[in-house]
Amino acid sequence: MNKLMVVLVDPPDDEAASVTLRSETGEVTAFCHPCDLKAGDLVDNRLAVLEADVLATYLCDWPEDEKEALSNEWIERTGHYSYRGRGRVIDQAEGLVEVLGFIIEMGALCEGYVDFDIRRLDIRT
């Protein structure tokens, strides 16, 4: 599993902080408490959510061309720690979704791609 690079910790030297992380293909800001990270650190690529809505992007009986059209990963920030996007379920038993190089525990129970709305993205401590 690839590590994530800590790009920014704001405020630095505080117990709780906003931490900007970079994968090979994206960047997100997550809540961290307790936080002893600093820029340049590497962290495990397994983020968590405080609350998220996760829905299947398509159903298994849909035509392949429609499934393919709905199988592009993306993530956009909608608030300080909140995001929405689309990712691929990589471990249904653990509810893990991968999106732009980030592995996030969302409790996804379906296969394939899912659309999600995260209320707060957290670094697992």
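**Exercise 1.** In which sense do S2 and strand S3 pair, and over how many bridges?

*Solution.* Start with the ground rules. This is a predicted model: local features need pLDDT of at least 70, side-chain atom pairs count only at pLDDT 80 or more, and totals for chains, interfaces and linings use all residues. Residues are numbered from 1 along each chain as its sequence is written, and side-chain values use heavy atoms, with hydrogens and water left out.

Step 1: find the strands (DSSP runs of E, at least two residues, numbered from the N terminus). S3 covers residues 27–32, and S2 covers residues 17–22.

Step 2: check the pairing (at least two DSSP bridges between two strands). S2 and S3 pair in the antiparallel sense over 6 bridges. Ala17 has Cys32 in S3 as its bridge partner.

Step 3: look at the link. S2 and S3 form a hairpin with 4 residues between them.

**Exercise 2.** Describe how S1 and S2 are arranged.

*Solution.* Strand S1 spans residues 3–10. S1 pairs with S2 in the antiparallel sense over 5 bridges. Val6 stands opposite Leu21 in S2. The hairpin of S1 and S2 has 6 residues between the strands. In that turn, Asp13 has a positive phi of about 60°.

**Exercise 3.** Is Ser18 buried or exposed?

*Solution.* Step 1: recall the cut-offs. Buried means under 20% relative accessible area, exposed over 50%, partly exposed in between (1.4 Å probe, protein chains only).

Step 2: apply them. Ser18 has a relative accessible area of 10%, so Ser18 is buried.

Step 3: widen the view. In S2, 5 of the 6 residues are buried, so S2 is largely enclosed by the rest of the structure.
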